[in-house]
Amino acid sequence: AELLREPSFGAFLRLQLLQEEIAKLADKLGEPHVVEGLGKYHAEVITPRNDFAHRKAHIKDGKLHLEGRDEPLDHDSMKALRLRLLAHADNLKGLLSALQEMAAAAGQPELAAQIAAVETAVEEAAEAAAGPNQPQQGHV
């Protein structure tokens, strides 16, 4: 757990570890789409985050682009990204809910409460990301 907090232990490594651990529980989760969603997380969340953090922006043909990317950064592309992020938040909440149920069933109420707190934080972050005039989770 301490290693996961280290800045050098990046998002990709955390995702790999999460995927390995969830794969061990996949048959008990009863949520196959959760495991499938984790498979898309790198391409749909980590890569765009890294692009925004590390690529320079420039104007090409009158549109804003990130260095090395063909797709312009416009209203439509940002809306599509926001919807993908919200879908991953829904997926993560589903995973957390299933893990909370498993912890409670295994007689681990403290662990179940910790998972519930993380689920609440994910929900609050997703609502904030959706914004007041944007589609809420599960709605397009």
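Pro 72 lies in the loop between E2 and H3. The model is a predicted one. With a relative accessible area of 18%, Pro 72 is buried, because buried means under 20%. Leaving out residues up to four places away in sequence, Pro 72 touches Lys 63, Leu 64, His 65 and Ser 77. Ser 77 is among the buried residues of H3.

Another loop residue to look at is Asp 61. The sequence distance from Pro 72 to Asp 61 is 11 residues, and their C-alpha atoms are 9.6 Å apart in space. Asp 61 sits in the loop between strand E1 (57-60) and strand E2 (63-66). Is Asp 61 buried or exposed? Asp 61 is exposed, at a relative accessible area of 74%. Its phi is positive, near 55°, and Asp 61 is not a glycine.

Now the whole chain. It holds 4 helices and 2 strands. From the N terminus on, their order is α-α-β-β-α-α. The chain has 140 residues, and 24% of them are buried. Take the contacts with a separation of 6 or more: residues 24 or more positions apart account for 49% of these.

Next comes helix H3. H3 has 31 residues and spans 45 Å from its first C-alpha to its last. That is close to the 45 Å expected at 1.5 Å a residue. After H3 comes Gly 107, with a positive phi near 75°.

Which elements do the buried residues of H3 pack against? They pack against helix H1 (11-29), H2 and helix H4 (109-130). The buried residues of H3 include Leu 81, Leu 86, His 88, Ala 89, Lys 93 and Leu 96. An α-helix has 3.6 residues a turn, so residues three or four places apart point the same way.

| Pair | Crossing angle | Axis distance | Handedness |
|---|---|---|---|
| H2 and H3 | about 140° | 10 Å | left-handed |
| H3 and H4 | roughly 165° | within 9 Å | left-handed |

Start with H2 (residues 32-54) and H3 (residues 75-105), which pack at an angle of about 140°. That makes H2 oblique to H3. On the H2 side, the contact includes His 33, Val 34, Gly 37, Leu 38 and Tyr 41. On the H3 side, Met 78, Leu 81, Leu 85, His 88 and Asn 91 are among the residues that take part. By class, the contact of H2 with H3 has 10 nonpolar, 5 polar and 3 charged residues.

Asn 91 is in helix H3. It counts as buried, at 9% relative accessibility. Setting aside neighbours within four places in sequence, which residues is Asn 91 in contact with? They are His 33, Val 34, Gly 37 and Leu 38.

Then H3 and H4. Their axes cross at roughly 165°. That makes H3 roughly antiparallel to H4, because angles over 145 degrees count as roughly antiparallel. From H3, the contact includes Leu 86, Ala 89, Lys 93, Leu 96 and Ala 103. From H4, it includes Leu 111, Ile 115, Val 118, Glu 119 and Val 122. The residues of the contact of H3 with H4 divide into 16 nonpolar, 2 polar and 4 charged.

How values were computed. Residues are numbered from 1 along each chain as its sequence is written. This is a predicted model: local features need pLDDT of at least 70, side-chain atom pairs count only at pLDDT 80 or more; totals for chains, interfaces and linings use all residues. Side-chain values use heavy atoms; hydrogens and water are left out. Axes are lines fitted to C-alpha atoms, for helices over the stretch in contact, and angles run from 0 to 180 degrees between N-to-C directions. Angles under 35 degrees count as roughly parallel, over 145 as roughly antiparallel, 65 to 115 as roughly perpendicular and the rest as oblique. A crossing is left-handed if the near helix is turned anticlockwise from the far one by less than a right angle, and right-handed if clockwise. Contact means heavy atoms within 4.5 Å. Ala, Val, Leu, Ile, Met, Phe, Trp, Tyr, Cys and Pro count as nonpolar, Asp, Glu, Lys and Arg as charged, and the others, Gly among them, as polar. The expected span of a helix is 1.5 Å times one less than its number of residues. Buried means under 20% relative accessible area, exposed over 50%, partly exposed in between (1.4 Å probe, protein chains only).
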